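Here are my notes for a colleague opening this model for the first time. Please keep the structure in view and go through the points in order.

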Amino acid sequence: MPPRPRKALMNPELRRRGIYVLPNLFTTAALFAGFYAIVQAMNGRFEQSAVAIFIAMVLDGLDGRVARMTHTQSAFGAEYDSLSDMVSFGAAPSLVVYEWALKGMGKLGWIAAFIYCAGAALRLARFNTNLDVVDKRYFQGMPSPAAAALVAGLVWVLLDLGYSGDEARWYACVITIFAGVTMVSNIPYWSGKAINLRRSVPFMVVPAIGLGYALLSYYPPGVLFVLFLCYALSGYVMVAVSWFRRRRRNLGGNGGTGGAGGIGGNGGAGS
């Protein structure tokens, strides 16, 4: 009886395919920045931790754009990016704010940190499964990089203002829980994906960009915190404006119906 041919342990087609280096270099750098933030928080260097999270956010924004520009998108890159985001924008911010301010709050402190970490994980999982369903112009819930920037910005600006973790623990607790819950909400947030950098813009946009750079260089922690706090609140503002508009339309429609009933004689004393 002839021996059976052995099945290859690895598909040679998959082995030859390999992975793209360029976008994954940025993803790895973002992962390193998130890991570095955790290490520095364990050593009590919270300002370096906050800066590292912002660096991870910049690198995370570059890897996808580099992949699209160089046509090097892949399923591996998407999964790797998601895992990197969980470390840099999920675990790192929650551990940094816990070590800095929430540690002395007992159970409430680690529960707040866990709410944020779980919210980031759920946010990333929902984003990966709803890629082809949601409107590309808006995110469903606050994106995890923005939530991480909000928490890291709070730590950075309060440290710069001379606050200790014990003095700022209630601020940190509220912002941490707010960011975690907002990530898993259905509140829409502008994604910025509709911006076309190849399209011409009005002249005033250029001075506005220059002014933004000047403000950022003048006081980075305060400007970044205010910027991402405004972004975090913008989703709630959009929901409130949409609700008021819908309510006004409903009241207008009901008013018109009531008026027609009065004219016909059926809208009087009986109802």
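**Notes on the model**

1. Start with a charged pair. Glu-99 forms a salt bridge with Lys-103, and their closest N and O atoms are 3.5 Å apart. A salt bridge here is a side-chain nitrogen of Lys or Arg within 4 Å of a carboxyl oxygen of Asp or Glu. By this rule the count comes to 1 salt bridge. Side chains of opposite charge can pair when their charged atoms come close. Glu-99 counts as partly exposed, at 28% relative accessibility. Lys-103 counts as partly exposed too, at 48%. Buried means under 20% relative accessible area, exposed means over 50%, and partly exposed is in between (1.4 Å probe, protein chains only).

2. A word on the source. This is a predicted model in which local features need pLDDT of at least 70 and side-chain atom pairs count only at pLDDT 80 or more, while totals for chains, interfaces and linings use all residues. Residues are numbered from 1 along each chain as its sequence is written, and side-chain values use heavy atoms, with hydrogens and water left out.

3. Now the overall layout. The protein chain has 9 helices and 2 strands. Along the sequence, their pattern is α-α-α-α-α-β-α-α-β-α-α. Helices (H or I, at least four residues) and strands (E, at least two) are DSSP runs, numbered from the N terminus. The protein chain has 271 residues, of which 34% count as buried.

4. Look next at one helix pair. Two packed helices are described by the angle between their axes and the distance between the axes. Helix α3 (residues 46-69) packs with helix α4 (residues 75-102) at an angle of about 160°. Their axes are 10 Å apart. That makes α3 roughly antiparallel to α4. Axes are lines fitted to C-alpha atoms, for helices over the stretch in contact, and angles run from 0 to 180 degrees between N-to-C directions. Angles under 35 degrees count as roughly parallel, over 145 as roughly antiparallel, 65 to 115 as roughly perpendicular, and the rest as oblique. α3 passes α4 in a left-handed crossing. A crossing is left-handed if the near helix is turned anticlockwise from the far one by less than a right angle, and right-handed if clockwise.

5. What sits in the loop between α3 and α4? His-71 lies there. This residue has a positive phi of about 55° although it is not a glycine. Most residues other than glycine have a negative phi. His-71 is exposed, with a relative accessible area of 64%.

6. Helix α5 (residues 107-129) and helix α7 (residues 169-183) pack at an angle of about 25°. The axes of α5 and α7 are 7 Å apart. The two helices are therefore roughly parallel to each other. The crossing of α5 and α7 is left-handed.

7. Asp-166 is exposed, at 56%. Each has a partner elsewhere in the sequence. Gly-165 and Tyr-98 are 67 residues apart along the chain, and their C-alpha atoms are separated by 9.3 Å. Asp-166 and Leu-102 are 64 residues apart in sequence and 8.0 Å apart in space, C-alpha to C-alpha.

8. Check two buried helix positions. Gly-34 is found in helix α2. Its relative accessible area is 0%, so Gly-34 is buried. The C-alpha atoms of Gly-34 and Ala-50 are separated by 9.6 Å, with the two residues 16 apart along the chain. Ala-146 is in helix α6 (residues 144-160). Ala-146 is buried, with a relative accessible area of 6%. From Ala-146 to Tyr-231 is 85 residues in sequence, and 8.0 Å in space, C-alpha to C-alpha.

9. Which residues make the nonpolar surface patch? Val-21, Leu-22 and Leu-25 make it, and its area is about 280 Å². Patches are made of residues with over 30% relative accessible area and no salt bridge; like charges are joined within 9 Å, nonpolar side chains (Val, Leu, Ile, Met, Phe, Trp, Tyr) within 5 Å. Accessible areas come from the Shrake-Rupley method with a 1.4 Å probe; for residues, only the protein chains shown count as cover. Val-21 lies in helix α2 (residues 21-42). Val-21 is exposed, with a relative accessible area of 55%.
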